[in-house]
Amino acid sequence: MKIRLAASVWLVLLAPATVLASNNDAVTAPVLLTLPQAQALLLTHSRDLLVAQRGVASAKASQLSAAARPNPQLSINTVNINPHSVGAGSPYEKRMDTVLRIDQLIERGDKRDLRIKTAQQLELASEADLADITRQQRIALYNAYYDVAYAQEKIKLTADAAELATTAQKKAELRLSAGDIAAAEVARIRVDTLRAQNDAEQAVADAANARIALAYLLGLDNQAAQIQVEADWPATSDINTAADFDSLIARRADVQAAQARVDAARQFKELIRAQRTRDISVGAQVEHYPGATENTVGLGISFPLFLGNNFEGDIRNAEITLSSAEDNLERVRALALSELNRTRAALLNSQARLLRYQTSLLPAAHKAMNAAEFGFANGAISAVELLDARRTWRAIQLEALSAQSDYARSVAIWRTNTKIAQE
């Protein structure tokens with residue numbers, strides 16, 4: 001799969017300059033995309049994915065910080081300086097008490113290990129976030145892609161309807177000059193023609209908006225107006241909607257991210273509790289005092305006294321953080337189940353609706369429209385009846401196209417939400 005995606009990326013990126021060009025180039029040629037090419041572009045150009053990838057990199061850096069040990073502290077102090085009797089000679093021979101000391105904090109209570117484990121869980125959460133954002137971006141892509149596909153087809157249907165209405169208006173005006181039709185009927189036909197032309201212009205505007213949304217996802221903002229997609233509508237074949245939701249939910253990236261944050265909060269709580277285990281600081285020093293004891297050495301150890309802070313507040317906050325993470329895990333699981341149920345319901349509903357249009361509504365509406373055209377041409381029906389038949393046919397065509405688009409995106413979203421492996 002990755003090889004195919006990579007190949008698609010290169011096919012798109014190595015396409016002629018008229019197909020894909022830099023943002024600074026003025027490109028007027030269409031940018032023709034298939035769904036696999038759009039998916040490949042999404043993975044390499046999505047701004048949301050880039051932000052998520054930065055989050056993973058930041059989590060890895062935090063893990064390095066967590067593994068770091070405390071640095072030793074070096075100090076040098078000079079005391080017992082008598083300005084009136086500092087003595088002669090070099091600074092080393094002056095009568096001053098100089099102390100060179102080094103201290104090292106030693107952590108106890110497994111604080112370093114707990115920090116590392118907390119950071120590791122947060123890194124896992126970030127990686128799962130990236131996988132979940134990839135899934136969400138794919139779903140956004142399917143919606144945007146099929147919006148453009150629907151808009152393209154709608155332009156064709158509304159343009160054909162406008163052309164048909166214009167032709168019918170011309171024929172009606174000829175019949176009006178011959179006295180074969182009433183002026184009122186011609187006026188109604190003229191109004192219907194204007195409506196059809198408005199619909200055609202609105203379809204063009206809707207397509208422009210759909211292309212802008214798709215271009216943003218693919219990083220082709222400057223080429224939005226040139227984007228064209230191949231409407232590879234899926235067939236209404238039987239799709240297996242039987243799935244083990246419990247298993248899917250357990251392996252979903254958003255659930256795994258929430259679970260990792262629960263584990264991180266648990267480790268963090270133990271880390272805070274470990275603050276009650278006193279760290280110690282050990283030190284060694286060399287003291288130089290000419291004329292007295294000369295050079296001496298010393299050792300020291302220090303540790304905190306928990307007289308004012310026993311970390312009660314910090315521990316309580318850590319416990320609340322853990323409870324919040326557990327609540328969030330249950331929330332994410334519930335949302336995942338709701339999304340799967342909605343996805344399956346949308347798929348089944350769109351499939352049934354599309355089949356109804358393809359097998360019943362479209363043939364019946366087409367037959368009714370042909371009968372109305374024949375009847376009007378032979379004077380059997382009025383212009384009003386003909387216009388009603390045409391409007392019905394046009395509406396059924398657009399509704400069938402909408403059902404086709406809804407079914408296509410439902411299939412894609414169902415497959416994405418029931419897919420376990422994430423790139």
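These legends walk you through several close-up views of a predicted model.

**View 1. Helices α4 and α9 pass one another.** Welcome to the meeting of two helices: α4 covers residues 111–177, and α9 covers residues 383–417. Their axes come within 10 Å and cross at roughly 165 degrees. Angles over 145 degrees count as roughly antiparallel, so α4 is roughly antiparallel to α9. As for handedness, the crossing of α4 with α9 is right-handed. If you look at which residues make up the contact of α4 with α9, you will find twelve nonpolar, six polar and eight charged ones.

**View 2. Helix α3 from end to end.** Here you can follow α3 through residues 47–67, a run of 21 residues. From the first C-alpha of α3 to its last, the helix reaches 31 Å. That is close to the 30 Å expected at 1.5 Å a residue.

View 3. Staying with α3, look for its buried residues: L49, A52, V56, A59, Q63 and A66. Because these residues cover an arc of only 90 degrees around the axis, they sit on the same side of α3. Now turn to the face of α3 that points away from this buried side, where the exposed residues V51, R54, L64 and S65 are carried.

View 4. Strand β2 spans 73–79 and strand β3 spans 97–106, and N80 is found in the loop between them. What is worth a look here is the backbone: phi of N80 is near 55 degrees, a positive value in a residue other than glycine.

**View 5. D110 in the loop between β3 and α4.** This view brings you to the loop that runs between β3 and α4, where D110 is found. D110 is not a glycine, yet its phi is positive, at about 60 degrees. Is D110 buried or exposed? Its relative accessibility is 55%, and since exposed means over 50%, D110 counts as exposed.

Definitions and conventions
Residues are numbered from 1 along each chain as its sequence is written. This is a predicted model: local features need pLDDT of at least 70, side-chain atom pairs count only at pLDDT 80 or more; totals for chains, interfaces and linings use all residues. Side-chain values use heavy atoms; hydrogens and water are left out. Axes are lines fitted to C-alpha atoms, for helices over the stretch in contact, and angles run from 0 to 180 degrees between N-to-C directions. Helices (H or I, at least four residues) and strands (E, at least two) are DSSP runs, numbered from the N terminus. Angles under 35 degrees count as roughly parallel, over 145 as roughly antiparallel, 65 to 115 as roughly perpendicular and the rest as oblique. A crossing is left-handed if the near helix is turned anticlockwise from the far one by less than a right angle, and right-handed if clockwise. Ala, Val, Leu, Ile, Met, Phe, Trp, Tyr, Cys and Pro count as nonpolar, Asp, Glu, Lys and Arg as charged, and the others, Gly among them, as polar. The expected span of a helix is 1.5 Å times one less than its number of residues. Buried means under 20% relative accessible area, exposed over 50%, partly exposed in between (1.4 Å probe, protein chains only). The arc is that of the directions from the helix axis to the C-beta atoms.
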